Amino acid sequence: MADTLKEILLDSSRRPAVVSDFEGLVDAEVSDKGGVSGAVVKTGFAAVKKIKPGIIPAAVDTLLDDFTVALEPFYGDYKAKGGNDFGAYLVGRSDEASDALLSVTDSRAEKSSRDSIKKVYSKLRPNGKKNVEEALPRLGQLIDKHASAV
């Protein structure tokens, strides 16, 4: 088993599968959203995909390195404690983990030259922490899946 997220997620031979799985995670999380806030997320997601088809896998691939860096301290601690379920570990530290991941997207959105992306992100961001926290179990499961394949 690999010791770092960089080894697990960023290896060029595995990266396409990682990106594909993470795209599936995003799709599943959006699909699971309900209520008014879920409708907002689904509408925003559809708008982003319509603005630029293929943007989700491209965004995942672009953000993967920074997300890996943001999650590395959590993974290191998880490994040091002998954890066997990274999703459960992340849920136990959901406040910190979601802030770490959102710092990546906040920075990217702020630097974007596309007003349409900034506008959609600003509408989604107020519920961003809740949405990221809800995704942590799946995120951890995917990382565990890829870690076991190394």
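I looked up α2 against helix α4 (residues 55-80) and got a packing angle of about 115°, with the axes 9 Å apart. The model is a predicted one. I noted the crossing of α2 and α4 as right-handed. On the α2 side I listed R15, V18, V19, F22, E23 and V26, which meet I56, P57, V60, D61, L64 and D65 of α4. I sorted the residues of this contact by class and found eight nonpolar, four charged and no polar.

Next I checked α2 (residues 15-32) against helix α8 (residues 128-148). They pack at about 150°, and their axes lie 10 Å apart. I recorded a right-handed crossing for α2 and α8. From α2 the contact takes A17, V18, D21, F22, L25, A28, E29 and D32. From α8 it takes N131, E134, A135, R138, L139, L142, I143, K145 and H146. My class count for the contact of α2 with α8 reads nine nonpolar, two polar and six charged residues.

Then I turned to the largest pocket, which holds about 1400 Å³ of space. I found 40 residues in its lining, with V26, L63, F67, T105 and Y121 nearest the centre. V26 is also on my list for the contact of α2 with α4. Which helix gives the most to the lining of the largest pocket? I have α4, with ten residues. The helices that each supply at least two residues include α2, α3 (35-51), α6 (94-111), α7 (115-124) and α8. By class I logged the lining as 28 nonpolar, six polar and six charged residues.

How values were computed. Residues are numbered from 1 along each chain as its sequence is written. This is a predicted model: local features need pLDDT of at least 70, side-chain atom pairs count only at pLDDT 80 or more; totals for chains, interfaces and linings use all residues. Side-chain values use heavy atoms; hydrogens and water are left out. Axes are lines fitted to C-alpha atoms, for helices over the stretch in contact, and angles run from 0 to 180 degrees between N-to-C directions. Helices (H or I, at least four residues) and strands (E, at least two) are DSSP runs, numbered from the N terminus. A crossing is left-handed if the near helix is turned anticlockwise from the far one by less than a right angle, and right-handed if clockwise. Contact means heavy atoms within 4.5 Å. Ala, Val, Leu, Ile, Met, Phe, Trp, Tyr, Cys and Pro count as nonpolar, Asp, Glu, Lys and Arg as charged, and the others, Gly among them, as polar. On a 1 Å grid over the protein atoms alone, a cavity is a set of points where a 1.4 Å probe fits but cannot get out, and a pocket is an open set with protein on both sides within 12 Å along at least five of seven lines; lining residues have an atom within 4 Å of a point. Grid points are joined across faces, edges and corners, and a volume is the space filled by probe spheres set on the points.
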